[in-house]
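Dear colleague,

Please read the notes with the model open beside them.

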Amino acid sequence: MEQEAYILGRSFSANARLNLQFFLWKDGGFTLHPNIPANTDNLRVAEIGVGTGIWLVDLARHLPSSAHIDGFDVDLTQSPPKEWLPLNVSLHNVDCLAPLPEHLLGQYDIVHVQLFHLAVHNNDPAPIIRNLVRLLKPGGWISWGEIDYSNWKIVRTEEGKDIEDNLTPLLEMIGTLGGTRPNWTTDDWPIRLPEFFEKNGLVNIATDNLLFPLELLAFQLDTALMASEEVSYKALDPMRNGSGDHCRALISRVFRDRQKLAYSVGRLTVIGQRPLK
């Protein structure tokens, strides 16, 4: 993905949002899916789209010291400086949506992707999956995590049972980028990742899908509003049709009702293994 195509922010507040999203996701029980073996010597792990690097830093605490963890992104400005990273973590400017450098192919035991929805063109993750499979050693694993919008629903408190729902139109505006593309909040490609994995030759596919519990819905909503505001400035304002202002007005109304209305979605993780032969 070209750098200018990234429609979220890269400010300190965007960094804070990414870190909060990580911890809310980890509340579901794991940094790395427990079905993926990670206690072998000289393990090689790659993360695609590192953001702030928080997943890499956290994972390094749980792996053997012989593990080597690489992070790939087209922009590394949100991550810590090299001197502050764990010794076995390295970051690299690599566009993993483009043809991959030959020296990376077949090198990794684990490839991790999470919250990559906006990088998926035309709601079709197959080209990305084909690229990532090429990174794997025989027997290596891909882990892909996304918010599952296939069965999302509005959740109201008793006090909020009759208030206007501004959240649904906000999600529609963000999901379609102001009506300029198919709505990714209504497409079900993440829930079909097992099918995409199978078509690309992966085996031992497993799915984990956990709803955010009620006590975390307000925090999860905060991250959605932060991301929506970033999109409003970076993607909608340049359209010069008032959609950015309209989006921020919806954000303000949703935040006003934060203690009365939120939405429930799943934390979906799908894993698959490259065959040994």
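**What was found**

Threonine 176 sits in the loop that runs between helix 4 and helix 5. Please keep in mind here, and throughout, that this is a predicted model. With a relative accessible area of 12%, threonine 176 counts as buried, because the cut-off for that class is under 20%. When its neighbours within four places in sequence are left aside, the residues in contact with threonine 176 are Arg181, Pro182 and Asn183.

By class, the lining of the second largest pocket comprises 8 nonpolar, 2 polar and 2 charged residues.

Turning to the helices, helix 7 covers residues 243–256, which makes 14 residues, and the distance from its first C-alpha to its last is 20 Å, close to the 20 Å expected at 1.5 Å a residue. How are the buried residues of helix 7 arranged when seen down its axis? The residues concerned are Ser243, Gly244, Cys247, Arg248, Leu250, Ile251 and Val254, and they fall within an arc of 155° about the helix axis, so they line one face of helix 7. As background, an α-helix has 3.6 residues a turn, so residues three or four places apart point the same way. The buried residues of helix 7 pack against helix 4 (167–175) and helix 6 (217–236), whereas Asp245 and Arg256, on the other side of helix 7, are exposed.

Helix 3, at residues 126–133, is mostly covered, with 6 of its 8 residues buried, namely Ala126, Ile128, Ile129, Asn131, Leu132 and Val133. Those buried residues pack against strand 1 (44–48), strand 4 (108–114) and strand 5 (136–156), as well as against helix 5 (193–199).

With best regards

Note on methods:
Residues are numbered from 1 along each chain as its sequence is written. This is a predicted model: local features need pLDDT of at least 70, side-chain atom pairs count only at pLDDT 80 or more; totals for chains, interfaces and linings use all residues. Side-chain values use heavy atoms; hydrogens and water are left out. Ala, Val, Leu, Ile, Met, Phe, Trp, Tyr, Cys and Pro count as nonpolar, Asp, Glu, Lys and Arg as charged, and the others, Gly among them, as polar. Helices (H or I, at least four residues) and strands (E, at least two) are DSSP runs, numbered from the N terminus. The expected span of a helix is 1.5 Å times one less than its number of residues. Buried means under 20% relative accessible area, exposed over 50%, partly exposed in between (1.4 Å probe, protein chains only). The arc is that of the directions from the helix axis to the C-beta atoms. Contact means heavy atoms within 4.5 Å.
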